[in-house]
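Welcome! Please take a look at the sequence and the 3D picture below, and then let us walk through some parts together.

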Amino acid sequence: MTNILNIDGIDPVELATVSYTVENGIAWVSFNRPDKRNCMSPRLNRQMMRVLDALEFREDVGVLVLSGEGTAWSAGMDLKEYFRETEAQGLRGTRGAQRESYGWWRRLRWYQKPTIAMVNGWCFGGGYGPLFACDLAFAADEAQFGLSEINWGILPGGGAAKVATELTSFRNAMYHAMMGENVDGKTAAQWGFVNEALPLDQLSARVNEVAHVLLKKNPIALKATKDAIRRVREMSYDNAEDYLIRAQEAANSFDNDGRKEGIKQFIDDKTYKPGLGAYDRSKTSA
Ligand code: ACO
C-alpha cells in the first residue's frame, strides 16, 4: 500500500510530493510529482527530508530504495519553483532552497540504512545529487541521464559537476557537462553512474533481489562499510588505513554498554563523579 506521510498543518500538496511503502524490510520511496517529471521543488525537498527522517530508524526498514513515479526518476530542480520563484525572494530565498535540497541529499549520503537509487526514467542535473547520495544505483536501459544545465545557460551546480567527476572519467564528465547530451542507462552503467542497467520491466525485481542480500548482512557492519567507502576516497593511503582501524574498532564496540554503566554509576548509584575520576569498569564487561 502506498503511503503519504501526513503531518498536521502541512499543505496536502506538499505532503503528496513523496510517496512510500514499506514491505518485507524495504522502504520503497518515490519522488511523486509525475506530472512534473518529479522535478524537485522546495516543497518536495522539505517533504523528502521528513520522509527520510521518519523511516531512518524504523525497526521494519533495513534498506531504502529511491525511485520515481511515472516516466521520470527526477527531471532535476524545478526551474519554476526552485529557481525562478525563490530567486524572486532574493538571496534569502535562494540560500534557503539550497539548504533544503542539499540538506536531504547530505542526509541520504550518510543514511543509517543502505540505500539504492532505482532510476526508472529521466535523471537530470540536480537529480545527480540524490543519485550519488544512494550507496548503489540501478537504472533502466531506457533511462536518460543528462547534465542539461548547459542547455539552459548555467553550470552544473548543486554538486552535479562534482558527482560527474566522482563517478566517471574526466573526459566523460567534461563531454557530458559541455555538450548537454543525454546518455541512456546502458552507457550510464559503462560510465559508472550506476552499478547495472537492465530493461525497465526487470528493474524492480533486480533491486528487490539486491535489497534482500543487504537485509541479510550485519546492519552495523553495513553502515560502517558504506561510510568507510565514502570517506576513504578523499584520504591518503596512510590516513585511510588509520581511519579504517578506528572505524573497525568503533563498529566492534558499537553495542558496548560501558558508557551506559558510566552514566548509571554517576546518576543512579552515585558511586563516583566523572569530573573527579573514572567509573568502576569491573561492574561491566565493557
Ligand atoms: N522544472 C520545472 N518543470 C518541469 C521540469 C523542471 N525541471 N521538468 C519537467 N517539468 C514540467 C514541464 O514544464 C511540464 O509542465 P506542464 O505540464 O505544466 O507544462 C511537465 O513537467 C511535463 O514536462 P514535459 O516537458 O511535457 O514532459 P516530457 O515527457 O515531454 O519531457 C523532459 C520530459 C525531457 C524531462 C522535459 O520535461 C525536460 O526537459 N525537463 C527539464 C529537464 C532539465 O533540464 N532539468 C533541469 C536540470 S538542471 C538542474 O537541475 C539544476
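## Pairs of strands

Two strands count as paired if DSSP finds at least two bridges between them. Helices (H or I, at least four residues) and strands (E, at least two) are DSSP runs, numbered from the N terminus. This is a predicted model, in which local features need pLDDT of at least 70 and side-chain atom pairs count only at pLDDT 80 or more, while totals for chains, interfaces and linings use all residues. Residues are numbered from 1 along each chain as its sequence is written, and side-chain values use heavy atoms, with hydrogens and water left out.

## A four-strand sheet

Look for an open sheet of four strands in the order S4-S6-S8-S9, with mixed pairing. At its edges lie strand S4 (72–74) and strand S9 (183–184), each of which pairs on one side only. Strand S8 (residues 144–146) runs antiparallel to S9, and two bridges join them. Here Phe145 stands opposite Val183 in S9.

How many of the five residues of strand S7 are buried? Four are, so strand S7 (residues 136–140) is mostly covered; buried means under 20% relative accessible area, exposed over 50%, and partly exposed in between (1.4 Å probe, protein chains only).

S7 runs parallel to strand S5 (residues 115–119), and four bridges join the two. In this pair, Met118 stands opposite Phe138 in S7. S7 also pairs with strand S10 (residues 196–198) in the parallel sense, over three bridges, and Ala140 stands opposite Leu198 in S10.

## Two packed helices

Helix H3 (residues 79–87) packs against helix H4 (residues 91–109) at an angle of about 155°, and their axes are 8 Å apart. Axes are lines fitted to C-alpha atoms, for helices over the stretch in contact, and angles run from 0 to 180 degrees between N-to-C directions. H3 is therefore roughly antiparallel to H4; angles under 35 degrees count as roughly parallel, over 145 as roughly antiparallel, 65 to 115 as roughly perpendicular and the rest as oblique.

Contact means heavy atoms within 4.5 Å. By that rule, Tyr82, Thr86 and Glu87 in H3 meet residues of H4 including Gly93, Ala97 and Tyr102.

## A buried arginine

Find Arg230 in helix H11 (residues 219–232). Is Arg230 buried or exposed? Arg230 has a relative accessible area of 14%, so this residue is buried. Leaving aside neighbours within four places in sequence, Arg230 is in contact with Arg109, Trp110, Phe132, Ala133, Cys134 and Asp135.
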